[in-house]
Amino acid sequence: MGRGERGDLSDAEWERLRPFLPVSNGRCGRWRDHRQVIDGILHRVPTGVHWRDLPKRFGPWKTVYERHRLWSADGTWERLLQQVQAAADAAGEIDWDVSVDSTIVRAHQHAAGARMGPPPAPGASKGARCQNPGRYTVAESGRPPGGGGERGESLGRSRGGFTTKIYLSADGRCRPLSLVVTAGQRADCTQFAPVLEKIRVPRRGSGRPRTKPDSVAADKGYSNRPCREYLRRGIRHAIPEKTDSRAVRLRKGSRGGRPPGCDEERYKKRNTVERAINRLKNSRAVATRYDKRGYDFLGTVTAAAIVVWFRT
């Protein structure tokens with residue numbers, strides 16, 4: 001089967017990505033056709049198929065798998081997402097009234113069991129780890145810090161069981177601007193600042209990347225002092241006050257201070273982030289986590305976000 005299969009990159013989408021893809025340095029051999037490999041990755045993201053079960057038209061499954069791991073570890077997927085956003089921003093297509101929220105993802109049992117580190121050297125004592133991992137895996141040397149065990153791989157226990165939580169900011173057109181993953185039991189408000197700080201849309205030409213939205217909307221889970229203090233750097237916001245916080249403030253009388261403002265009309269637009277979550281979760285590999293490594297799963301979610309930007 002040739003190009004044009006359901007889910008493959010169109011010619012226009014490929015041309016948007018091609019200038020920003022890694023190129024061979026000539027010392028480590030040539031990359032296998034990027035377009036074929038990306039089509040394989042984008043086939044796995046919406047279907048959730050096991051890597052070994054990828055159709056043969058995408059080439060060796062292990063090549064596709066290792067490319068995805070490498071690009072997840074070194075930030076290539078995130079840079080590609082930023083470049084797609086930059087093109088939309090240059091065309092004036094980003095609505096900078098941003099909304100923030102999170103969603104719980106159930107982790108498959110196969111998502112557990114990531115190794116704590118490279119395997120021990122031959123003859124080493126039990127529990128020892130190799131000091132020179134060498135070619136243990138293509139991605140391990142460049143992967144983000146952490147790893148091993150549930151907490152190090154953004155896995156946790158919550159009411160939903162074995163879970164991961166995805167935090168995201170979305171523009172006014174229901175497209176993800178930034179993504180963060182943590183263990184499922186983490187509170188939403190703890191990742192409010194990290195999510196907003198990950199917004200980084202490069203400018204076409206000169207100038208610093210845009211990092212500051214026009215306004216931010218979030219639900220009552222973000223109604224606390226640290227979140228509101230973070231927004232005081234000049235970002236308009238619409239976050240309703242919690243009922244218990246209001247009761248405490250009223251009980252203090254004049255010492256309770258003024259109530260925080262919340263533009264009800266602006267808050268109505270917060271559903272854009274809910275719709276962005278629904279679009280991401282149309283991909284089975286996002287709705288259920290199969291990746292063992294936390295950075296692999298973030299790469300999977302980011303690849304799904306690129307597709308949302310292309311096809312929304």
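Student: Let's start with Asp 97: is Asp 97 buried or exposed?

Tutor: Asp 97 is buried, with a relative accessible area of 18%. Buried means under 20% relative accessible area, exposed over 50%, and partly exposed in between (1.4 Å probe, protein chains only). Bear in mind that this is a predicted model, in which local features need pLDDT of at least 70 and side-chain atom pairs count only at pLDDT 80 or more, while totals for chains, interfaces and linings use all residues. Residues are numbered from 1 along each chain as its sequence is written, and side-chain values use heavy atoms, with hydrogens and water left out.

Student: Which side chain does Asp 97 meet in a salt bridge?

Tutor: A salt bridge is a side-chain nitrogen of Lys or Arg within 4 Å of a carboxyl oxygen of Asp or Glu. Here Asp 97 pairs with Lys 269 at 3.1 Å, N to O. Asp 97 sits in strand 1 (residues 97-107) and Lys 269 in the loop between helix 9 (264-267) and helix 10 (271-281), so distant parts of the chain, 172 residues apart, are linked. Helices (H or I, at least four residues) and strands (E, at least two) are DSSP runs, numbered from the N terminus. Lys 269 is partly exposed, at 28% relative accessible area.

Student: How many salt bridges does a search of the whole structure find?

Tutor: The search finds 18. One of them joins Glu 153 to Arg 293, with the closest N and O atoms 2.6 Å apart. That pair also links distant parts of the chain, 140 residues apart: Glu 153 is in the loop between helix 5 (149-152) and strand 2 (156-158), and Arg 293 in the loop between strand 7 (288-289) and helix 12 (294-311). Glu 153 is buried at 2%, and Arg 293 is buried at 6%.

Another bridge joins Asp 188 and Lys 165 (2.9 Å, N to O). Asp 188 lies in the loop between strand 4 (176-183) and helix 6 (192-197) and Lys 165 in strand 3 (residues 161-170), so the bridge ties together parts 23 residues apart in sequence. Both residues are buried. There is also a network of salt bridges, linking Asp 101, Asp 219, Arg 270 and Glu 274.

Student: And how many disulfides are there?

Tutor: A disulfide is a covalent bond between the sulfur atoms of two cysteines. The test is a pair of cysteine sulfur atoms within 2.5 Å, and the search finds zero. For Cys 227, the nearest cysteine sulfur is that of Cys 189, 5.5 Å away, and Cys 227 is in no disulfide. Cys 227 is buried, with a relative accessible area of 2%.

Student: At what angle do helix 3 and helix 12 pack?

Tutor: Axes are lines fitted to C-alpha atoms, for helices over the stretch in contact, and angles run from 0 to 180 degrees between N-to-C directions. Helix 3 (residues 61-73) and helix 12 pack at about 95°, with axes 8 Å apart. They are therefore roughly perpendicular to each other. The cut-offs are under 35 degrees for roughly parallel, over 145 for roughly antiparallel, 65 to 115 for roughly perpendicular, and oblique for the rest.

Student: Which residues in helix 3 meet helix 12?

Tutor: His 68, Arg 69, Ser 72 and Ala 73 do, against Tyr 295, Asp 296, Gly 299 and Thr 300 in helix 12; contact means heavy atoms within 4.5 Å.
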